[in-house]
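Please consult the sequence and the model shown here while reading.

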Amino acid sequence: MSAAAAAPSSQADPRVADVRARLAAAHAASATAPEKAKAKLDAQGKIYVRDRIALLFDEGSFVEDGRYANALQPGLPADGVVTGRGTVDGRAAVVIANDPTVKAGSWGSRTVEKIVRATEMALREELPIFWFVDSAGARITDQVEMFPGRRGAGRIFHNQVALSGKVPQICCLFGPSAAGGAYIPSFCDLIIMVEGNASMYLGSPRMAEMVVGEKVSLEEMGGARMHCTVSGVGDLLAHDDAEAIELARLYFSYVPGSWRDHPPTYAAEPPATPLTRETVPERESVPFDIHDVIEGLVDDDSFFELKPLWAAELVIGFGRLGGQTVGIVANNSMVKGGVLFTDSADKAARFIWLCDAFNIPLIYLADVPGFMIGSEVERGGIIRHGAKMVSAVSSATVPQFCVIVRKAYGAGLYAMGGPGFGPDATIALPTARIAVMGPEAAVNAVYANKIAEIERQQGPEARDRFVADRRREYEEDVDIERLAADLVLDSVIEADELRSDLLRRLAYASRRDRHFSERRRAVPPV
């Protein structure tokens, strides 16, 4: 400031000076964490809210709204939440970030109003939202002002549902997300949880003990690892705040800014270890890690797996094929034989909906014996959950490619985007088999009584010959060449040709019609 500008002016108004002084004090109050709060953050391994935002956005791009919310009340800088816009690698986005140093990040009436306004801005401008959640929930003292009304907390969830599928919603959960506030992450496309600090629960352990008599720890009730391994609510575990934000930025690089756009493209890079004819074991009884196929198919180091710790018999995630984002849905025979369960069906369905919402082509890598059977899974609603996955496959209008890596038996073929679901192509490797069920199960199902009779009358050797003959007949009936000849399959190629084949097909399929059905909405089996 120049000397002339700094000199007192005869026109100076003391009221303006007072306003400036008070605004400067309010601004400074939320600029850094108070000493005591900073010590607590450091002890928890957390980063101050504004430093979190600085890690997210490009330098100098952040524009904040509502910084002086509740400035007349001491101890409530910005009313505990920072909102505004910035750019992530040059792409505009909204951030809504709780400040845990302000009454544990709890919500007051102005907190809710700021969040509602930010979501309205995202709806109006069709901007993606990064949710930085670290909140103890509502302030009971403010419940009448912030809970029940038309612009109360419920409006946040309403707007999140309106934003779903319109723009990406990405949540970094750095601390608690309690009671009704736990629904904010649940409406997001991606939930990254910081291990040791993040938690989600509708009722705290103390409340559970009071209401239902259950004694449980916070980690058992709603900790990060529990949600990423057991409930499936969490998508990714992060070691600390910085890694969570890095993962959020990386995820954002795979998705468009809104439903109207396509994902960003990058320079193509060949796989580090290309697919070969030896990548997939020829005997279907030999388990192998499907990640080897994925890594050999997509661009080098481009596979971004989601929910890796939950329902691991099915692998989902984004990869890049020739620099273009694709969604991968793949059975993993290394885990539970690759059989589909209720959780894996849910995992697939939501991912397929996500890809379809944001114009991301889907590649199914099928090596599936089918859906799990037995009384336990039937009681768990596996038919309902399986139908959910099939519904998602059926209604997706993005380009879809079904690759039969090895086996695709029963409804597993349907759930993995088989020929009956109108994929842009059904491609088989020479290792592939397609049938209602595997040869052993089929022969036993059809000839169980005959097999028992032959064994009783002629002995085990005659039984084995009969079974071998029937199995050979069955395998001839579903021979892969016959399926190609009957146009069940569009192509049978070697593994080392798969990447180049899919690259060409993706280029042509980009012009496909995205219309599915004329109606108000589906009634999905949930």
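## Helix H14 and its surroundings

The buried residues of helix H14 pack against helix H12 (241-252), S9, S10, strand S11 (324-331), strand S12 (362-368) and H16. Helices (H or I, at least four residues) and strands (E, at least two) are DSSP runs, numbered from the N terminus, and contact means heavy atoms within 4.5 Å. The buried set of H14 consists of Thr342, Ser344, Ala345, Lys347, Ala348, Ala349, Phe351, Ile352, Leu354, Cys355 and Asp356; buried means under 20% relative accessible area, exposed over 50%, and partly exposed in between (1.4 Å probe, protein chains only).

H14 (residues 342-357) has 16 residues and reaches 23 Å from its first C-alpha to its last, close to the 22 Å expected at 1.5 Å a residue. The expected span of a helix is 1.5 Å times one less than its number of residues. Just after H14, Asn359 adopts a positive phi of about 60°.

## Basis of the model

The model is predicted: local features need pLDDT of at least 70, side-chain atom pairs count only at pLDDT 80 or more, and totals for chains, interfaces and linings use all residues. Residues are numbered from 1 along each chain as its sequence is written, and side-chain values use heavy atoms, with hydrogens and water left out.

## The chain as a whole

The chain has 21 helices and 16 strands. Its C-alpha trace spans about 115 × 55 × 45 Å along the principal axes. Of the 526 residues in the chain, 49% are buried. Among contacts with a separation of 6 or more, 72% are accounted for by residues 24 or more positions apart.

## Val398 and its contacts

Val398 lies in the loop between helix H16 (382-395) and S13. With a relative accessibility of 0%, Val398 counts as buried. Leaving aside residues up to four places away in sequence, Val398 touches Cys355, Asp356, Asn359, Ile360, Pro361, Leu362, Asp424, Arg512 and Arg514.

Pro439, Ala442, Val443, Ile451 and Ile454 are the buried residues of H18, and they pack against strand S13 (400-409), strand S15 (433-435) and helix H19 (460-477). Ala445, also in H18, counts as exposed at 54% relative accessibility. The C-alpha atoms of Ala445 and Arg320 are separated by 43 Å, the two residues being 125 residues apart along the chain.

Gly459 follows H18 and has a positive phi, near 100°.

## Two helix pairs

The axes of H18 and H19 come within 9 Å and cross at roughly 155°. Axes are lines fitted to C-alpha atoms, for helices over the stretch in contact, and angles run from 0 to 180 degrees between N-to-C directions. The crossing angle makes H18 roughly antiparallel to H19. Angles under 35 degrees count as roughly parallel, over 145 as roughly antiparallel, 65 to 115 as roughly perpendicular and the rest as oblique. The contact involves residues including Tyr447, Lys450 and Ile451 of H18 and Phe466, Val467 and Arg470 of H19.

The axes of helix H5 (residues 109-125) and helix H7 (residues 153-163) also come within 9 Å, crossing at roughly 20°. That angle makes H5 roughly parallel to H7. Residues in the contact include Val112, Ile115 and Val116 of H5 and Ile156, Asn159 and Ala162 of H7.

## Positive phi at two lysines

Lys103, although not a glycine, has a positive phi of about 50°. It lies in the loop between strand S3 (91-98) and H5 and is exposed, with a relative accessible area of 54%.

Lys307 likewise has a positive phi, near 50°, in a residue other than glycine. Lys307 is placed in the loop between strand S9 (304-306) and strand S10 (314-321). With a relative accessible area of 10%, Lys307 is buried.
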